[in-house]
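Biologist: Could you take me through one part of this model, the surroundings of the ligand, and follow the contacts outward from there?

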Amino acid sequence: MSVITLKGIGSYAPPKILNNQDFEKIIDTSDEWIVTRSGIHFRHVALPDQATSDLAFEASKVALEQAQLDPKDLDLIIVGTSSPDMFFPSTACLLAEKLSAPNPMAFDVQAGCSGFLYALSTAEQFLRNGTYRNALVLGADTITRFTDYTDRSTCFLFGDGAGAFVLEKQEKGEEFILDFLNGTDPTGTGKLLMPAGGSKRPACTESIQAHEHFLKMNGKEIFKFAVRISEVLINELLKRNHLKSSDIAWYAFHQANIRIIEAASERLNITVDQTILTIDHFGNTSSATVPMSMHEYAKQGKLKKGDLVIMVVFGAGLTYSAALVRWPL
Ligand SMILES: CC(C)(COP(=O)(O)OP(=O)(O)OC[C@H]1O[C@@H](n2cnc3c(N)ncnc32)[C@H](O)[C@@H]1OP(=O)(O)O)[C@@H](O)C(=O)NCCC(=O)NCCS
């Protein structure tokens, strides 16, 4: 029976850095407040000429090289993103152009910060049912382009980046993806959104003056949702796979706020040492937090072949997703 495996992983963080002292100059805040309330020390932001497909391209090159896969052999490219280069064509199509991938099925998945795991579970279906063999799956966001630097309750949270996985269907071997849980709580659509720029409120002078082309968030509500849903998803994955929390080598949480990770860990009776942490230097890179973090821990040798990992994310929608995987690299 065929299996789906991970052949390569890559990530990219743009070179420009915004540290907390930079925010002290533009909003009423302090380094101490930001670190204490979020765990973020600095974050990478895209250069003026870098769009989401550019970050995705850099991450893809690293992942494809590890996978030793020529882009011409890609059947499928899915980019999880909330900050596409433009409405259309999709970022996945623009990425295919940059990679010179001649004829993949290419499309974006828009699921807020859950975009990467939504994309991964979508790709899995195409590989599992035999339609395709080689897939490139990304979480990539340039969310700082939609960040309101006059809104002190949100602007310090975000950074830009991309993470990429190359998946391959093989005739034999060990499964990479063991289980998935995806969902949406649509009662929360108004809690995290960008109100203008779409068909409901196309760009106009008033929408620009009212800062409606920027992310708006009810931070407290999202915080509570994030802690609750992370606990529910992880407990469900453990239960239905007959696992104990100590069987999991790493919990890869969406990097939105270190206090969310700490609060969820406490409820789950796991220690923060069991969680992958990159928020201090990346901030919240939206769809990219989990694949970027996984790549960093893999490069550092902390993620080992055979490790069981649970990835868990949440975002605008309010979407949520969790995956149980066995690390194959
Ligand atoms: C945004 C967030 C960090 C705010 O932290 P918080 O502990 O909830 O802070 P509060 O909003 O209660 O604000 C506490 C106080 O700090 C103030 N404050 C807000 N932003 C501030 C800033 N940047 N610097 C200094 N003070 C700030 C508030 O005005 C408030 O003051 P008050 O008590 O006098 O009214 C937190 O709610 C959060 O991380 N939420 C989840 C965000 C998230 O996950 N988003 C992405 C989802 S994909």
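Biologist: How many Å lie between an oxygen atom of the ligand and an N or O atom in the side chain of N257?

Modeller: That one is 2.7 Å, from a ligand oxygen to an N or O atom of the N257 side chain. Bear in mind that this is a predicted model, where local features need pLDDT of at least 70 and side-chain atom pairs count only at pLDDT 80 or more, while totals for chains, interfaces and linings use all residues. Numbering runs from 1 along each chain as its sequence is written, and side-chain values use heavy atoms, with hydrogens and water left out.

The R259 side chain also reaches a ligand oxygen, with an N or O atom at 2.9 Å. On the W33 side, a side-chain N or O atom is 3.5 Å from a nitrogen of the ligand. Alone, the ligand would expose 970 Å², and the protein buries 73% of that (Shrake-Rupley areas, 1.4 Å probe).

Who builds the shell? Two or more residues each come from α2 (31-38), α7 (219-240), α8 (258-268) and β12 (308-315), with α7 giving the most, four. Those elements are DSSP runs numbered from the N terminus: helices are H or I with at least four residues, strands E with at least two. There are 22 residues around the ligand, and T29, R37, R152, K220 and N257 come nearest (near means a heavy atom within 4 Å). Domain 1 (3-170) and domain 2 (177-326) each supply at least three shell residues; the bounds come from an automatic or database domain assignment.

Now back to W33, for its ring. Phe, Tyr and Trp rings (six-membered ring for Trp) pair if their centres lie within 6.5 Å; planes under 30 degrees apart are stacked, over 60 edge-to-face, the rest tilted. That rule gives nine aromatic pairs. W33 and F156 make an edge-to-face one, 5.5 Å between centres and 90 degrees between planes. W33 sits in helix α2 and F156 in the loop between β6 (134-141) and β7 (161-170), so their pair ties together parts 123 residues apart in sequence. W33 is partly exposed at 41% relative accessible area, whereas F156 is buried at 3% (buried is under 20%, exposed over 50%, partly exposed in between; 1.4 Å probe, protein chains only).

Elsewhere, F176 and W327 have ring centres 6.1 Å apart and planes at 70 degrees, so they are edge-to-face too. Both F176 and W327 are buried, and together with F116 and F165 they form one aromatic cluster.

Notes: Polar contact = N/O pair within 3.5 Å; in protein donor to acceptor, adjacent residues only side chain to side chain.
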